[in-house]
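This briefing goes through selected local features of one protein model. Please keep the sequence and the structure at hand while reading.

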Amino acid sequence: MQVLQEPVDAALDVLAGRPLVALTGAGLSTDSGIPDYRGPGSPRRTPMTYQEFVSGPAAQRRYWARSHVGWARMARAEPNDGHRALVELERAGLLRGVITQNVDGLHSAAGQRTVVDLHGRIDTVICLGCRRTGARAALQERLAALNPGFLEAVGAAIEAAPDGDAELETTAGFRVAPCPGCGGVLKPDVVFFGENVPKPRVERAFALVDEVAAADGALLVAGSSLAVMSGLRFVRHAARIGMPVVIVNRGETRGDQLATLKLDAGCSETLQALAAHLR
């Protein structure tokens, strides 16, 4: 593996003339104002696990109170130059699709056509009882009606997390909205820590990697530390079948030793430069 501080030229030697599939993580969305989990300087975060969420009303109240605050900020996020560069590559016929670990929906908002939302989407909620799904924005309105003045009371300085969560000192008294259909428990339609990514979604992602590999393509990783297996497995698979892997990320990743090339660089500027040269 070659590790470079300066991007593009060496990456072009690996990627030029090949179809691509991209695997993206939270580092791609930092320029949209959404903090990442493990980037340099990121504070330690402890997102709620699935087991904790389903443990009862107290955990659900804590989650939805924090999410009510975090969503108010996350919903304003817009795609950045990194997202737009990937769209350019897709429109030029060079990028076959994106597998993203992010739940912010910014790839689709930027205009990406082929996206596997590996961990789901934070803009959708699902009932754990009847499995009905709905828009997170509609739930936000219901939560605001049930908890008038709550956002104003906690203040504007609270920082949102990558999954739309926010750190609050207390969530006492917050009222949670039930499913409008059956009265059951609502959960964001995302994969929590402790949950498995749905098998059909994993299979679709592997099929995309294999399709590109069969065309002598490469895997481009952008903004992921690959700390969790849900993303790392695609890098391991690519390396196992001899598919070139280029990683763009600030700081070390668990996939560095498997990469053909590692660029220790920011996503937005690097992807923009790659898109300009590859097109």
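The points below cover a strand, a helix, a loop residue and the cysteines.

The model is predicted, so local features need pLDDT of at least 70 and side-chain atom pairs count only at pLDDT 80 or more, while totals for chains, interfaces and linings use all residues. Residues are numbered from 1 along each chain as its sequence is written, and side-chain values use heavy atoms, with hydrogens and water left out. Helices (H or I, at least four residues) and strands (E, at least two) are DSSP runs, numbered from the N terminus.

**Strand β8**

- Strand β2 (residues 20–24) runs parallel to β8 and is joined to it by five bridges; two strands pair if DSSP finds at least two bridges between them.
- Threonine 24 has alanine 222 of β8 as its bridge partner.
- β8 also pairs in the parallel sense with strand β9 (residues 245–248), over four bridges, and leucine 220 is bridged to valine 246 of β9.
- Together with helix α9 (residues 229–240), β8 and β9 make a right-handed β-α-β unit; right-handed means that, with the strands pointing away from the viewer, the path from the first strand over the helix to the second runs clockwise.

**Helix α10**

- The buried residues of α10 are Cys267, Ser268, Thr270, Leu271, Leu274, Ala275 and Leu278.
- Their cover includes α1 (9–15), β2, α4, β8, β9 and β10 (261–263), with contact meaning heavy atoms within 4.5 Å.

**Asparagine 80**

- Asparagine 80 lies in the loop between α3 (57–74) and α4 (81–91) and counts as buried at 5% relative accessibility.
- A polar atom of the asparagine 80 side chain is 2.7 Å from the backbone nitrogen of glycine 82.
- Not counting residues up to four places away in sequence, asparagine 80 touches Leu28, Ser29, Asp31, Ser32 and Ser268.

**Cysteines**

- A search of the whole structure finds zero disulfides (pairs of cysteine sulfur atoms within 2.5 Å).
- For cysteine 127, which is in no disulfide, the nearest cysteine sulfur is that of cysteine 182, 3.4 Å away.
- The sulfur of cysteine 179 is 3.7 Å from its closest cysteine sulfur, in cysteine 127, which is too far for a bond.
- Cysteine 127 is buried at 0% relative accessibility, and cysteine 179 is buried at 4%.

Notes
Buried < 20%, exposed > 50% of the residue type's maximum accessible area, 1.4 Å probe, protein only. Polar contact = N/O pair within 3.5 Å; in protein donor to acceptor, adjacent residues only side chain to side chain.
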